[in-house]
Amino acid sequence: MLSGFLCAGVWPARAQTSETNRCPLCWERSYPNGPCDTPLPKGAPVPGQPCKECDGQGGITNKADGIYDQIGCCNGVPYNPARQGCCDTGKGPPIVTTNSALVDPCEVAKNLPEYHKGAFGAAVCYNGHVTPCVFEDNIPSSWDDWVKDCIMAHEEVHASDPTYHCWKCDPHVGGWTNRQEGRAGECKAYRATMNCLATVPDSLEGKEELQRMTKEGIDENCTGP
Ligand SMILES: [Zn+2]
């Protein structure tokens with residue numbers, strides 16, 4: 001009777017969970033070839049679903065919603081730059097917004113404090129996208145367009161900098177997660193302006209002044225700790 005009991009209890013269970021059968025998502029075996037009776041810990045990743053995680057009880061749950069980050073998640077949906085959407089967690093349940101009716105982010109940026117403080121340009125985040133902007137109204141009108149292009153060169157470096165982050169969906173000037181990355185990012189950008197200015201004829205209005213400002217930026221960000 002004892003051996004018969006074991007047969008009934010053990011062999012069917014093994015047959016059910018042979019190695020060819022994977023455990024369901026968020027479950028694992030507590031011993032090799034055993035039944036899938038152990039839930040994966042809370043927060044364990046779910047393969048192929050970057051915005052889901054295991055809930056610790058064998059279920060699948062949405063990851064916490066995040067504003068645009070490495071993978072921004074919104075209500076279980078990965079942030080998708082191609083959709084020009086963003087996870088809007090401002091009011092009520094998070095939604096993936098669309099900015100298809102978007103006005104020019106550089107126009108929207110005219111409401112930002114950086115603009116009002118007189119910035120020549122900025123890499124403007126809006127709905128997770130970065131747009132390089134030059135703020136013409138803040139630049140002396142006598143400056144040559146060629147010189148202004150060298151301001152754009154600086155913002156373009158930020159816009160394509162993988163360490164430059166947007167923190168929220170609303171228009172804002174992004175930044176870096178730490179000072180070291182920030183200085184490295186500004187260093188690259190000021191150097192781009194300097195390289196650009198090297199191609200500008202000396203006679204052009206604004207070159208000298210921008211060159212001086214750019215040198216200050218390089219001194220501040222490219223040297224020392
Ligand atoms: Zn900059």
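Is Cys 26 buried or exposed, and how many C-beta neighbours does Cys 26 have inside 10 Å? Cys 26 counts as buried, because 23 C-beta neighbours lie inside 10 Å. A residue is called buried if 20 or more other C-beta atoms lie within 10 Å of its own, exposed if 12 or fewer, and partly exposed in between, with C-beta atoms placed from the backbone. The structure shown is a predicted model, in which local features need pLDDT of at least 70 and side-chain atom pairs count only at pLDDT 80 or more, while totals for chains, interfaces and linings use all residues. Residues are numbered from 1 along each chain as its sequence is written.

**View 1. Overview of the chain.** The chain contains six helices and 11 strands. Helices (H or I, at least four residues) and strands (E, at least two) are DSSP runs, numbered from the N terminus. Of the 225 residues, 25% count as buried. Among the contacts in the chain with a separation of 6 or more, 44% come from residues 24 or more positions apart; two residues are in contact if their C-beta atoms, placed from the backbone, lie within 7 Å.

View 2. Cys 26 is located in the loop between helix H1 (2-16) and strand E1 (27-28). Asn 33 counts as exposed, because it has 10 C-beta neighbours inside 10 Å.

**View 3. The open sheet of three strands in the order E10-E9-E11.** The pairing in this sheet is antiparallel; two strands pair if DSSP finds at least two bridges between them. Strand E10 (129-134) and strand E11 (172-173) stand at the edges, each with a single partner strand, so one side of each has no neighbour in the sheet. Strand E9 (residues 121-126) is joined to E10 by six bridges. Gly 121 stands opposite Val 134 in E10, and Val 124 has Thr 131 in E10 as its bridge partner. Two bridges connect E9 to E11, where His 172 is the bridge partner of Cys 125.

View 4. Helix H4 (residues 145-159) lies across E9 and E10, and runs at about 165 degrees to E10. Axes are lines fitted to C-alpha atoms, for helices over the stretch in contact, and angles run from 0 to 180 degrees between N-to-C directions.

**View 5. Packing of helix H5 (residues 179-197) against helix H6 (residues 207-221).** The two helices pack at an angle of about 150 degrees, and their axes are 9 Å apart. H5 is therefore roughly antiparallel to H6, a term used for angles over 145 degrees. The contact includes Arg 183, Glu 186, Tyr 190 and Leu 197 of H5, and Lys 207, Leu 210, Thr 214 and Ile 218 of H6. The residues of this contact divide into six nonpolar, five polar and four charged. Here Ala, Val, Leu, Ile, Met, Phe, Trp, Tyr, Cys and Pro count as nonpolar, Asp, Glu, Lys and Arg as charged, and the others, Gly among them, as polar.

Terms used:
Parallel < 35°, antiparallel > 145°, perpendicular 65-115°, else oblique.
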